[in-house]
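Welcome! Here is a short briefing to read alongside the picture, with the main points grouped by topic.

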Amino acid sequence: MLSAGRTTLIALTALAPVSWGTTYAVTTEFLPPDRPLFTGLARALPAGLLLLALARVLPRGAWWWKAAVLGALNIGAFFPLLFLSAYRLPGGMAAVVGSVGPLFVVGLSALLLGQRPSTRAVLTGVVAAFGVSLVVLKAAGGLDALGALAALASAASMSTGTVLTKRWGRPAGVGPLALTGWQLTAGGLLIAPVALLVEGAPPALDGGAVGGYLYLALANTAVAYWLWFRGIGRLSATQVTFLGPLSPLTAAVVGWAALGETLTPVQLAGMALAFGATVAGQRAPRAKTDTEAVPFSSPSRNGRKDSMDLTGSGLRR
């Protein structure tokens with residue numbers, strides 16, 4: 001059984017993919033069409049700069065390149081690949097391909113964290129992907145190879161970033177707010193020149209677009225990614241990534257409630273499967289994350305390897 005404190009932590013971390021599930025509705029209803037790179041830039045860079053201003057902590061030493069790598073994986077590569085797949089694949093195919101993220105994390109955790117994959121984790125990942133496919137997959141359209149590769153690459157990029165965030169931990173005295181700000185800023189700076197070269201100057205914005213971009217930058221990105229990286233520090237990488245299916249499930253619910261879309265019995269069954277897999281994924285064995293944050297492989301005084309924790313209270317405002 002999960003304790004009340006751990007249940008609260010999981011619920012707060014789950015707010016991140018729930019928030020990301022509203023992105024499609026906000027994008028289609030309020031934002032300029034065909035500007036995926038600018039949208040990724042508007043999400044990442046302002047949010048990163050805001051968190052940097054709040055935390056007032058810059059990377060030091062090796063954390064300059066570590067922050068750049070994590071920012072590239074979690075933001076700079078993930079956003080453009082995700083949008084590319086969404087534009088080239090029919091219906092919810094991008095979400096289906098991307099839902100293999102938990103399986104990527106299970107494999108990467110074995111390679112980078114030394115966590116042996118369990119049969120239950122693999123089966124849960126398969127059930128989650130199948131449930132998502134029932135919710136979002138449409139029969140129309142053929143499979144675009146480039147779009148499918150982009151979707152797989154986006155899932156692999158985010159999964160690798162999640163596992164490396166868990167492995168590297170955080171510098172002493174640095175909290176998740178600063179760590180999130182570093183990654184969002186680095187990712188946004190990587191997207192900026194690509195957006196300028198591919199899409200040109202920023203589009204003209206009306207009031208709805210300004211409000212949409214503010215929502216994406218603040219709630220959907222700054223707050224959501226802070227909760228996400230905070231959760232990575234206290235939960236296992238597998239537990240965190242099994243919250244991912246909540247994003248397409250939220251998108252389906254928002255489409256039904258706000259956009260007048262219908263939910264079929266098959267979709268409802270898929271939602272039940274995917275949600276059940278999400279809950280089952282939270283029952284993975286707990287890592288020992290109650291100690292002060294240290295790098296994954298740092299030996300403790302008694303000669304054992306300590307677990308690392310990305311959270312703590314080291315926020316500097």
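A residue counts as buried under 20% relative accessible area, as exposed over 50%, and as partly exposed in between, using a 1.4 Å probe and protein chains only. By that rule, Phe38 and Tyr213 are both buried. This is a predicted model, in which local features need pLDDT of at least 70 and side-chain atom pairs count only at pLDDT 80 or more, while totals for chains, interfaces and linings use all residues. Residues are numbered from 1 along each chain as its sequence is written, and side-chain values use heavy atoms, with hydrogens and water left out.

**Aromatic pairs**

- Rings of Phe, Tyr and Trp (its six-membered ring) pair if their centres lie within 6.5 Å; planes under 30 degrees apart count as stacked, over 60 as edge-to-face and the rest as tilted.
- The structure holds 8 aromatic pairs.
- One of them is tilted, because the rings of Trp20 and Tyr225 have planes at 40 degrees, with centres 4.8 Å apart.
- This pair joins distant parts of the chain, 205 residues apart: Trp20 sits in helix H1 (residues 4-20) and Tyr225 in helix H11 (residues 207-234).
- Helices here are DSSP runs (H or I, at least four residues), as are strands (E, at least two), and they are numbered from the N terminus.
- Trp20 and Tyr225 are both buried.
- The rings of Phe38 and Tyr213 have their planes at 90 degrees and their centres 5.4 Å apart, so this pair is edge-to-face.
- Phe38 in helix H3 (residues 36-55) and Tyr213 in helix H11 are 175 residues apart, and their pair also links distant parts of the chain.
- One aromatic cluster is formed by Trp20, Phe78, Phe79, Tyr225, Trp228 and Phe229.

**Helix H10 and what follows**

- After H10 comes Gly200, with a positive phi near 80 degrees.

**Positive phi in the loops**

- Most residues other than glycine have a negative phi.
- Asp34 is not a glycine, yet its phi is positive, about 60 degrees.
- The loop between helix H2 (23-30) and H3 holds Asp34, which counts as exposed because its relative accessibility is 54%.
- Arg56, another residue other than glycine, has a positive phi near 55 degrees.
- Arg56 lies in the loop between H3 and helix H4 (63-76), and its relative accessibility is 61%, so Arg56 counts as exposed.
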